[in-house]
Amino acid sequence: MQRQSRDHFDASTIPDDLAPIATVLSKMLPGDWRSLRPVIDRRKCVKCSLCWLYCPVQCVTEKPRWFEFDLAVCKGCGICAQECPQRAISMVEETGR
Amino acid sequence: MSTAAVAKSNKPAFVVCEGNEAAAIGVGLSRPDVVAVYPITPQSSLVEHLSQMIADGRLNANLMNVEGEHAVLNGLQGVALAGGRTFTATCGPGIAFMFEPYVRTPGLRLPMVASLVTRDLLSPQCVWGGQQDAMVVREAGWIQMYCETVQEILDTTVMAYKIAEHRDVMLPVNVCHDGNYLSFGVTRVELPDQQAVDEFLGPPNINWHIALDPERPMGVDPLTGGAGGPGPRNFVRYRKGQCRGMQNALRVIREVHATWGERFGRYHAPLIEEYRLEDADYALVTIGSMTGAAKDAIDTAREAGERVGLIKVKTFRPFPLEAMAAALGKVNRIGVVDRSVSFGWNSGPVYQETLAALYRTGKQIPAISFIGGLAGADITPEHFARAIALTRETQFGRAQEPVWLNEND
């Protein structure tokens, strides 16, 4: 993560008609194009952490009694809901922000 | 005495070897960082020689034994993106399996060198030489140079690195040599001095423009094109750049061959070779190892008073349009001998492109297509004598059927 805080590579000396490269970081996060949002039922969650283990973008964060999702990063894939043994996670449609 | 040990001595050094070993010696002299190989007839002995050189410590390179040609080239793309000089060799069904990364390599402008030990394509099932594999991939964006002799294989393999890595080119090169006739043909070969080759090539600079390098973070080959936003103009810009690199290669190939001649004393025709063409009335067009037998037949015909010459194509991609037009402009009839066919054109591909180059001369002359040497068949001086006689008689208005030289062999 430290790498991302450094200055980006200056490609201005490379001809722009040679090989296709991308040197500008997109500001878009996975959460910007999510269509389904995971919602956790805290009464069912037993903190087994399987959702934390399976999340492909590692957006699951731990709270003292339950887990939460970093919705800036969550892309809404639903793997956590699929894998949760307690059926504590449901995917609900995003209806605009 | 090993070939490398001979190469290290300061005296003029010679070995007697097959074309595949000559290619391996050329690769060794060019000091690649990684060689990735998968064997396939008639290329196998080339990578066997390289593997032995690495195993014996005569070539300080990493050898990647991978599971197939697709992985060969994908692996080498990673090496090149990390800055390494690479080599592989393949042919026939091998290049068919390699096709997906093969067409991506020139677009990434990775200056790789790969031997194409040309082989005819299936089916009918065959394992012998022919140029069908190379002709199928002539629009893939790789530079293609076709060798005539074993010595030319060695020299062209080294030169290929200098051409590919030139900043105005930055494209992969296929050094093509005919399966069986050159791959296993044994002749005396002069070995260039290692230090002279080092000075000739200079240090590699493979990934200055596109890289997998933590110090230069970048996305490699992002999605480009489409109908919206800047997609069309971005894609056109890269394609135009690729086409420009190909055209620049025509100049660089000439320069590198000239430099090679000055440094090592062997001048090979870089694009087109004109043989006994000055006062010729008609000519044959040839490509690859068949040219040796064709030149013998031309000499014999000359002794009989025929005003016949020969035009040899060495560089087929980029197509040397100006050089070809200049040669064609000197004669009044041509016969083109192909070692492959163009399905749907009922002729050979070199014949087609020779006709296209004729447009540049502004004149129309009678032309005839010969097809020979398929799947390992020999094209003998006698075949060429027949081709010479038929070319002399060819006229406009005759049926445009190709002549199949080995039809009755």
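The chat below goes through the chain contact, a few residues, some strands and the salt bridges.

Q: Before anything else, what kind of model is this?
A: This is a predicted model.

Q: How many residues does each chain put into the contact?
A: Chain A gives 13 residues and chain B gives 21 residues.

Q: And what area is buried between chain A and chain B?
A: About 1600 Å² is buried there, with carbon and sulfur atoms giving 60% of that area.

Q: How many salt bridges are there between chain A and chain B?
A: The count is two salt bridges. One of them joins Asp16(A) to Arg237(B), with the closest N and O atoms 3.6 Å apart. On the side of chain A that touches chain B, the residues divide into eight nonpolar, one polar and four charged.

Q: Which strands pair across chain A and chain B, and in what sense?
A: Strand S1 of chain A (residues 21-22) pairs with strand S9 of chain B (residues 219-220) over two bridges, in the antiparallel sense. Within that pairing, Ile21(A) has Val220(B) as its bridge partner.

Q: Chain A on its own: how many helices and strands?
A: Chain A has two helices and five strands. Read from the N terminus, the elements run β-β-α-β-β-α-β.

Q: What share of chain A counts as buried?
A: Of its 97 residues, 30% count as buried. As for contacts in chain A between residues at least 6 apart in sequence, 58% join residues at least 24 apart.

Q: Where is Cys45(A)?
A: Cys45(A) is in the loop between strand S2 (36-40) and helix H1 (50-54) of chain A.

Q: Buried or exposed, Cys45(A)?
A: Cys45(A) is buried, because its relative accessible area is 17% and the cut-off for buried is under 20%. Leaving out residues up to four places away in sequence, Cys45(A) touches Ile40(A), Trp66(A), Phe67(A) and Ala88(A).

Q: Switching to chain B. Which strand does Lys312(B) lie in?
A: Lys312(B) lies in strand S12 of chain B, residues 308-313.

Q: Does that lysine count as buried or exposed, at 2% relative accessibility?
A: Lys312(B) counts as buried at that value. The side chain of Lys312(B) makes a polar contact with the side chain of Glu148(B), at 2.9 Å. Neighbours within four places in sequence aside, the residues in contact with Lys312(B) include Glu152(B), Leu271(B), Ile272(B) and Glu273(B).

Q: Next, S4(B). Why is S4(B) largely enclosed by the rest of the structure?
A: Five of the five residues of S4(B) (residues 86-90) are buried, so the strand is largely enclosed.

Q: Which way do its side chains point?
A: Thr86(B), Thr88(B) and Thr90(B) point one way from S4(B), while Phe87(B) and Ala89(B) point the other way, and all are buried. In a regular strand the side chains alternate between the two faces of the sheet.

Q: Which strands pair with S4(B)?
A: Strand S2 of chain B (residues 34-37) is joined to S4(B) by two bridges and runs parallel. Strand S5 of chain B (residues 113-118) also pairs with S4(B) in the parallel sense, over four bridges. Val34(B) stands opposite Thr86(B), and Thr88(B) has Ala114(B) as its bridge partner in S5(B).

Q: Last topic. How many salt bridges over all chains?
A: The count comes to 33. One of them is between Asp198(B) and Arg31(B), at 2.9 Å from N to O. That pair links helix H9 of chain B (residues 194-201) with the loop between helix H2 (19-29) and S2, 167 residues apart.

Q: Is Arg31(B) buried, exposed or in between?
A: Arg31(B) is partly exposed, with a relative accessible area of 46%.

Terms used
Residues numbered from 1 in each chain as written. Chains lettered and ligands numbered in written order. Predicted model: local features only at pLDDT ≥ 70, side-chain atom pairs only at ≥ 80, totals over all residues. Heavy atoms only, no water. Contact = heavy atoms within 4.5 Å. Buried area = accessible area lost by both parts, 1.4 Å probe. Salt bridge = Lys/Arg side-chain N within 4 Å of Asp/Glu carboxyl O. Nonpolar A, V, L, I, M, F, W, Y, C, P; charged D, E, K, R; others polar. Pairing = 2+ DSSP bridges. Buried < 20%, exposed > 50% of the residue type's maximum accessible area, 1.4 Å probe, protein only. Polar contact = N/O pair within 3.5 Å; in protein donor to acceptor, adjacent residues only side chain to side chain.
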